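This report describes the fold of a single predicted chain, moving from its overall layout to particular residues. Please keep the sequence and the model in view while reading.

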Amino acid sequence: GASGKMAVVPVPPCRPQHQQRSVATRAAASDPAAFDFSEFAEDLDVNVSAGVAAPLATENVRLRIRMRAYDTNLLADAVADMATIADVTGAEFKGPVMLPTRKKIYCVLRSPHVNKDAREHFEVRTHHRLVDFKKLSALTVEALMQWVPPPGVEMESSICTNATGGNQLRRLQQRQAAKAAMA
């Protein structure tokens, strides 16, 4: 103690919350029997037999999820988790589609009053991914609603009812409503 040396205490490795969740989700994929959805049967009002529920609608219905993050590794973890959920629940998983990265560039003067020519540029890159779920079941929707994405990933979801996407269908409905109002 009196020699002046400090004791070295080993620090356990830190595992962020999203990595723990990824491991648990992948473990469920390796053993689908361990992933029990029967507890959701009463809440969802569906017949759950052997972990598979009836589809929500026809093959034209799909769930489209768009994700944004500053870190590509977080997006990769989120996509892997969603693919695992799709495998476990029997849904068809399409993606990820790499959407264009948006760059926001900030120009800052190095000196507040003089040297206007001395500037620094900083950029923020926002990466985007798109995934689709087809052949949805109530179990898939319930599992996705209970799944929490990694911190730092922003998600938007929409349900598309035709092959071209929800926005075009919405515009078509608006045009039809406008024509009906004019007539």
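The sections below cover the basis of the model, the chain as a whole, the sheet, the core and a few selected residues.

## Basis of the description

The structure is a predicted model, in which local features require a pLDDT of at least 70 and side-chain atom pairs count only at pLDDT 80 or more, while totals for chains, interfaces and linings use all residues. Residues are numbered from 1 along each chain as its sequence is written, and side-chain values rest on heavy atoms, with hydrogens and water left out.

## The chain as a whole

The chain contains 5 helices and 4 strands, where helices (H or I, at least four residues) and strands (E, at least two) are DSSP runs numbered from the N terminus. Read along the sequence, these elements follow the pattern α-α-β-α-β-β-α-β-α.

Of the 183 residues in the chain, 28% are buried; buried means under 20% relative accessible area, exposed means over 50%, and partly exposed lies in between, with a 1.4 Å probe and protein chains only. Contact means heavy atoms within 4.5 Å, and among the contacts in the chain with a separation of 6 or more, 77% are between residues 24 or more positions apart.

## The sheet and the helix across it

The 4 strands form an open sheet in the order β2-β3-β1-β4, with antiparallel pairing; two strands pair if DSSP finds at least two bridges between them. Strands β2 and β4 (154-160) stand at the edges with a single partner strand each, so one side of each is left without a neighbour in the sheet. The twist averages 15° from one strand to the next.

Between β2 and β3 there are 14 bridges, and K104 has V124 in β3 as its bridge partner. Strand β1 pairs with β3 over 8 bridges, with L63 standing opposite F133, and β1 is joined to β4 by 7 bridges, with R66 opposite E156. Strand β1 is mostly covered, since 6 of its 8 residues are buried.

Helix α3 (residues 72-89) lies across β1 (62-69), β2, β3 and β4, and runs at about 5° to β3. Such angles run from 0 to 180 degrees between N-to-C directions, and the axes are lines fitted to C-alpha atoms, for helices over the stretch in contact.

## The nonpolar core

A nonpolar core is a set of buried Ala, Val, Leu, Ile, Met, Phe, Trp, Tyr and Cys residues joined through side-chain atoms within 4.5 Å. The largest one has 19 residues, of which I65, M67, M82, V131 and F133 touch the most other members. At least two residues of this core come from each of β1, α3, β3 and α4, and α3 gives the most, with 7 residues.

Leaving out residues up to four places away in sequence, M82 touches I65, M67, F93, V131, F133, L144, W147 and M155. M67, found in strand β1, counts as buried at 0% relative accessibility. Beyond its neighbours within four places in sequence, M67 has contacts that include L75, A78, V79, H127, V153 and E154; the C-alpha atoms of M67 and A78, which are 11 residues apart along the chain, are separated by 8.8 Å.

## The aromatic pair

A search of the whole structure finds 1 aromatic pair. F93 and F133 form this pair in an edge-to-face arrangement, at 5.3 Å centre to centre and with 65° between the planes. Rings of Phe, Tyr and Trp (its six-membered ring) pair if their centres lie within 6.5 Å, and planes under 30 degrees apart count as stacked, over 60 as edge-to-face and the rest as tilted.

F93 lies in strand β2 (residues 92-109) and F133 in strand β3 (residues 119-134), so the pair ties together parts that are 40 residues apart in sequence. F133 is buried, with a relative accessible area of 0%.

T140 sits in helix α4 (residues 138-146) and is buried, with a relative accessible area of 0%. Its side chain makes a polar contact of 3.0 Å with the side chain of S137; a polar contact is a pair of N or O atoms within 3.5 Å, where within protein one must be able to donate a hydrogen and the other to accept it, and residues adjacent in sequence count only if both atoms are side-chain atoms. Apart from its neighbours within four places in sequence, T140 is in contact with T89, A91 and F133.

T89 belongs to helix α3 and counts as buried at 4% relative accessibility. A polar atom of the T89 side chain lies 2.8 Å from the backbone oxygen of I85.
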